[in-house]
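Thanks for making the time this morning. I would like to walk through one model with you, starting from a single side chain and ending with a sheet.

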Amino acid sequence: MTSYLLNKSNYGLLPCSNKMLVAGIQIKPVVVNKPTFQRKSYATHATAKPLRIGTRGSPLALAQAYLTRDLLKENFEDLKHNDSVEIVIIKTTGDKILNQPLADIGGKGLFTKEIDDALLEDRIDIAVHSMKDVPTYLPKGTILPCMLPREDVRDVFISHKATSLSELPAGSIIGSASLRRQAQILAKFPHLKVVNFRGNVQTRLRKLKEGTCDATLLALAGMKRLGLTQHVTATLSEEEMLPAVGQGAIGVACREGDERSLACLAKLNHEATRLAVTCERSFLAGLDGSCRTPIAGHASVSLDERKIVFRGFLASTDGKRSFSTAFDTLLSGISVGSVDAEIMQLGAGAAADLRGKAPKDLFHF
């Protein structure tokens, strides 16, 4: 497995033999279990233009873009040449404004709008996204036909002062920009304090080491993809901390009708992940979820058993009021279209269940 070094001249990653250094932190090489696909050539190198991958410039976003690039090169002969796939780094509004909560500057779409614009303007061919950052609506002319195999969806607890949330003394400060995490923490540990804590993974680890807060929670998926699991104090079960919609999933978008990109992404798509995330996003859309509302949701799909299991959560920001929903059911659809429709209906039904349980003042839109 190739590892990378940060190239400061263009904010990319350069291959190296045994380590990656980002923001002063040594990152160990990560072994990723990549799916095996039938190899197929779509066009000859002599006639094909480079396939341009759009991504944010954070270390985690770049790791995900390079994973996508490597999968493309493995499965398409015409993309094996060094200049056949190009990484295009796009700085988003969300990357530029780090001193305010997301809800105060417009929500999650701030991490995707500039990338969507580049896609629609034909400055890139495909866009790699962390699915928990993608709004439930897509800009007209774009589609999300591909999800890579999902990483571990759980959150992790990181602290230099305690081994778990329960060990932290009253008044301890938890750094987190996530209202979902804040609500679930305060519901069980009302004696703790949660403060806004933004920045990329390395920045948060540095702030934690400097004593800005006593502990933080991060997604295990990101820690694994960056090779930073040595910093994890404890992994939280889904019962302790239900993950965000789309957590651990990498989605790859393209333009409608772009046959070359669609052919490439069809080979990379992990259908069980795509269906699970589709259900979660339908649930979120049914709640009209915003960055001002603590919402969690996780679905898992077994294609062999044709089964889907889902849990959803909605709460007040102080965690004093919370509501849950769940289902475990077999899928009856046969075709791709019918399964998608069934999955979306199930997600919307879970949202309707929570809407019936929760008071209207919990929905801050």
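Let me begin with K73, which has its place in helix α1, the stretch covering residues 59–75. Please keep in mind throughout that what we are looking at is a predicted model.

Which side chain of opposite charge is nearest to K73, and how far away is it? The answer is D83, at 7.0 Å, and K73, although buried, has no salt bridge; the cut-off for such a bridge is 4 Å between a side-chain nitrogen and a carboxyl oxygen. What the side chain of K73 does reach is the backbone oxygen of L79, at 3.0 Å. Leaving aside residues up to four places away in sequence, K73 touches L79 as well as K80, H81, N82 and V85.

Turning to the sheet, we have five strands in an open arrangement, ordered β11-β10-β12-β9-β13, and the pairing is mixed. The edges are taken by β11 (193–195) and β13 (234–235), and because each has a single partner strand, one side of each is left without a neighbour in the sheet. Further in, strand β9, residues 155–159, pairs with strand β12, residues 215–219, in the antiparallel sense over five bridges, and there F157 stands opposite L217 in β12.

A word on confidence before I stop. The chain has a mean pLDDT of 86, with 81% of its residues at 70 or more. Over residues 1–46, however, pLDDT stays under 50, and for that stretch the model has 110 contacts beyond four places in sequence.

Technical notes. Residues are numbered from 1 along each chain as its sequence is written. This is a predicted model: local features need pLDDT of at least 70, side-chain atom pairs count only at pLDDT 80 or more; totals for chains, interfaces and linings use all residues. Side-chain values use heavy atoms; hydrogens and water are left out. Helices (H or I, at least four residues) and strands (E, at least two) are DSSP runs, numbered from the N terminus. Buried means under 20% relative accessible area, exposed over 50%, partly exposed in between (1.4 Å probe, protein chains only). Lys and Arg count as positive and Asp and Glu as negative; His and the chain ends are not counted. A polar contact is a pair of N or O atoms within 3.5 Å; within protein, one must be able to donate a hydrogen and the other to accept it, and residues adjacent in sequence count only if both atoms are side-chain atoms. Contact means heavy atoms within 4.5 Å. pLDDT is the predictor's confidence in each residue, from 0 to 100. Two strands pair if DSSP finds at least two bridges between them.
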